Amino acid sequence: MSMGASFDSEPEISRRLTVPLREWIADWGGVAVTSVLAVGDLALFAWRTLAWMVARLPRRDAFLPVLYQVGVLSLPVVALTGMFIGMVLAVQTFFQFQQLQMETRLGAVINMSLARELGPVLAATMLAGRVGSAMAAELGTMRVTEQIDALSSMGANPIHYLVVPRFLAFVLLIPMLTVMAVFMGVVGGYFYSVVILGIDKHHYMYNTQQFVDSFDLFSGLAKSVFFGVAISLVSCYQGFNCSAGAEGVGKAATSAFVQSFVLILLLDLLLGISLDSFYFMLWPEGSSVFGS
């Protein structure tokens, strides 16, 4: 009797062990399918945006306010944060370089880091947080209140009227904001290194000229264009696909910033690898801050 009960309990034990595994696989499968569908939907959204941008330029009354919002209103916060980033770099790297007795090469490290990495990433992050999330919330509110549907019913294409001006504004203005972030970072790093830390300004500038060249600035500007494309498309896509209610608008704004920030870091990694390979293909000898 006990042996029969034990044999009968084996399938039950097996079922209890496999049910959580099946549920776990189903959950991850659902996430994978949803992610693939979302990427495909975003790709189609990007294709429609590019098609309308080529077909017809945006209207002036729709384009100029977006330029003001993206460029002029973002300039103070980008400049201020860029200056503080340059000063923070000087603070964090000075003592390490002092132990190596290489304080005079501090300018090369600070300015190269700003031009190639921190300048474009900083400007893109500020735009994603200040403009991208606000843009997603604005378009999400228009979706919830059926203003986007009203545009379609009046014969206007929402992609051309709402998305194309924002896309062009990001792509055109983010390189300029990147230049401002790099410039203010250079000024902040120079001020803290030379004025506060007392590093010789001649050697500071000489090492900067030796190791920071035009390719570093080109790398940062090239990255910023890709960052602008990613932020604008993700923010507009989240706004257009906002769910109903105030909660849906909040989720769209949050998702726009989080996804944009993740894409910024991913693109920075991929573009950094590609641009470094291109650099060493053109100049195999390269350059090193620690060289003679």
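This talk walks through the nonpolar core, the aromatic pairs, the salt bridges, the cysteines and a surface patch of one structure.

Before the details, please keep in mind that this is a predicted model, in which local features need pLDDT of at least 70 and side-chain atom pairs count only at pLDDT 80 or more, while totals for chains, interfaces and linings use all residues. Residues are numbered from 1 along each chain as its sequence is written, and side-chain values use heavy atoms, with hydrogens and water left out.

Let me start with the core. In soluble globular proteins, nonpolar side chains tend to be buried together. By a nonpolar core I mean a set of buried Ala, Val, Leu, Ile, Met, Phe, Trp, Tyr and Cys residues joined through side-chain atoms within 4.5 Å, where buried means under 20% relative accessible area, exposed means over 50%, and partly exposed is in between, using a 1.4 Å probe and protein chains only. The largest such core here has 37 residues, and those with the most contacts inside it are Val70, Leu127 and Phe240. Which elements give two or more residues to this core? They are helix 2 (60–72), helix 4, helix 5 (147–153), helix 6 (158–196), helix 8 and helix 9, and of these helix 6 gives the most, with 11 residues. When I speak of helices, I mean DSSP runs of H or I with at least four residues, numbered from the N terminus; strands would be runs of E with at least two.

A pair of aromatic rings is described by the distance of the centres and the angle of the planes. The rule used here is that rings of Phe, Tyr and Trp (its six-membered ring) pair if their centres lie within 6.5 Å, and that planes under 30 degrees apart count as stacked, over 60 as edge-to-face and the rest as tilted. By this rule the count comes to seven aromatic pairs. Phenylalanine 45 and phenylalanine 240 are both buried, and Phe45, Tyr237 and Phe240 form one aromatic cluster.

Now to the charged side chains. Side chains of opposite charge can pair when their charged atoms come close. A salt bridge is counted when a side-chain nitrogen of Lys or Arg is within 4 Å of a carboxyl oxygen of Asp or Glu, and the structure holds eight of these salt bridges. In one of them, glutamate 117 and lysine 223 meet at 2.6 Å, N to O. Glutamate 117 lies in helix 4 (residues 106–144) and lysine 223 in helix 8, so the pair ties together parts that are 106 residues apart in sequence. Another salt bridge brings lysine 251 and glutamate 247 together at 3.4 Å, N to O, and both lie in helix 9, four residues apart, about one turn of the helix. Glutamate 247 counts as exposed, with 55% relative accessibility.

Let me turn to the cysteines. How many disulfides does the structure hold? There are zero disulfides, a disulfide being a pair of cysteine sulfur atoms within 2.5 Å. For cysteine 236, the nearest cysteine sulfur is that of cysteine 242, which is 13 Å away. Cysteine 236 is buried, with a relative accessible area of 0%, and cysteine 242 is buried too, with 11%.

Finally, the surface. Phe257, Val258, Phe261, Val262 and Leu265 make a nonpolar surface patch of about 400 Å². Patches are made of residues with over 30% relative accessible area and no salt bridge, with like charges joined within 9 Å and nonpolar side chains (Val, Leu, Ile, Met, Phe, Trp, Tyr) joined within 5 Å; the areas come from the Shrake-Rupley method with a 1.4 Å probe, and for residues only the protein chains shown count as cover. Valine 258 is found in helix 9 (residues 245–282) and is partly exposed, with a relative accessible area of 44%.
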